[in-house]
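Please walk through this structure with attention to how its parts are packed together.

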Amino acid sequence: MAVAGLRVLLLDHGQRRSPIFRAELIRLRCQLLDVLDSVQDLPAAMLRSEPDLILIDSEHLDADLLAALAATVASRHLPVLLFADGLGPDAMRSALQAGVNVVIVGGLQPQRLESVLQLTLARFEQDDQLRQELDRVNTQLADRKSIERAKGILMREQHLDEDSAYHRLRRLAMDRGEPLAAVAARLLEADQLLRKA
């Protein structure tokens, strides 16, 4: 996975090693978009520069950093690499929960930055695929629940058995050229409206 051309936003959270990162990113032909000194600058910098990756060099993890990072990743999902000294298991877990893809604990070895960036991109891609699969499964589950509830409405209102209600729902979807779940959702909305009337 090539890192040349990668647009990087660097947050120097107390370590003051940004010149080392800057030199190595230049050597790797990455584009360093900005160096931030404060976590409060992260949201504005994200809008302004639209990075491909966030690199954080942190002396310690604090609640402000984790909260800002979680909010940033929630608004725009992208790879996050964290260098930190002396993190314990709980702090590492908190960093991963906040959206960090790779945590490097201990000293900075500039010659390893390329492989660590590649690992971060690969890990992000894998996490993203898992998230998409989870979203797809959750959508399917929600669709099935809607279809079951819609069948229940047809069974109640039109005195149909379950099989007949399913076929009626399926026929409605085919006649309208819409997915079964979309027709079921509309039937549920109509039922709620009628109950409120």
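**From one arginine to the whole fold**

Arginine 17 touches Asp12, Asp57, Phe83, Asp85 and Leu108, where residues up to four places away in sequence are not counted and contact means heavy atoms within 4.5 Å. This arginine is found in the loop between β1 and α1 (18-27), the helices (H or I, at least four residues) and strands (E, at least two) being DSSP runs numbered from the N terminus. With a relative accessible area of 14%, arginine 17 is buried, a word that here means under 20% relative accessible area, whereas exposed means over 50% and partly exposed lies in between (1.4 Å probe, protein chains only).

The model is a predicted one, in which local features need pLDDT of at least 70 and side-chain atom pairs count only at pLDDT 80 or more, while totals for chains, interfaces and linings use all residues. Residues are numbered from 1 along each chain as its sequence is written, and side-chain values use heavy atoms, with hydrogens and water left out.

The sheet comes next. Five strands, in the order β2-β1-β3-β4-β5, form an open sheet with parallel pairing, two strands being taken as paired if DSSP finds at least two bridges between them. Because β2 (31-36) and β5 (102-105) stand at the edges with a single partner strand each, one side of each is left without a neighbour in the sheet. Neighbouring strands of this sheet are turned by 15° against each other on average, direction ignored, with axes that are lines fitted to C-alpha atoms, for helices over the stretch in contact, and angles that run from 0 to 180 degrees between N-to-C directions. Within the sheet, strand β1 (residues 7-13) pairs with strand β3 (residues 53-58) in the parallel sense over six bridges, and valine 8 stands opposite leucine 53 in β3.

Strand β3 also holds isoleucine 56, which counts as buried at 0% relative accessibility. Isoleucine 56 lies 44 residues from aspartate 12 in sequence, and the two are 6.2 Å apart in space, C-alpha to C-alpha. Leaving aside neighbours within four places in sequence, isoleucine 56 is in contact with Leu11, Leu65, Leu69, Val80, Leu81, Leu82 and Phe83.

In soluble globular proteins, nonpolar side chains tend to be buried together. The largest nonpolar core here has 24 residues, and those with the most contacts inside it are Ile54, Ile56, Leu61, Leu69, Val80, Leu82 and Val100; such a core is a set of buried Ala, Val, Leu, Ile, Met, Phe, Trp, Tyr and Cys residues joined through side-chain atoms within 4.5 Å. The elements that give two or more residues to this core are β1, α2, β3, α3 (63-75), β4 (80-84) and α4 (89-98), and α3 gives the most, with five residues. Valine 100 touches Leu69, Val80, Leu82 and Ala95, residues up to four places away in sequence not being counted. Apart from this core lies another, of 20 residues, among them Leu6, Leu113, Val116 and Leu117.

In α1, the buried residues are Ser18, Phe21, Glu24 and Leu25. They cover an arc of only 130° around the axis, which puts them on the same side of α1, the arc being that of the directions from the helix axis to the C-beta atoms. The face turned away from the buried side of α1 carries the exposed residues Pro19 and Ile26, while what covers the buried residues includes β1, β2, β3, β4 and α5. Just after α1, arginine 29 takes a positive phi of about 65°, although arginine 29 is not a glycine, and at 61% relative accessibility this residue counts as exposed.

Helix α7 (residues 180-196) has 17 residues and reaches 25 Å from its first C-alpha to its last, close to the 24 Å expected, where the expected span is 1.5 Å times one less than the number of residues. Its buried residues are Leu180, Ala181, Val183, Ala184, Leu188 and Asp191. They cover an arc of only 160° around the axis, which puts them on the same side of α7. These buried residues pack against α5 (113-158) and α6 (162-176), whereas Leu193 and Lys196, on the other side of α7, are exposed.
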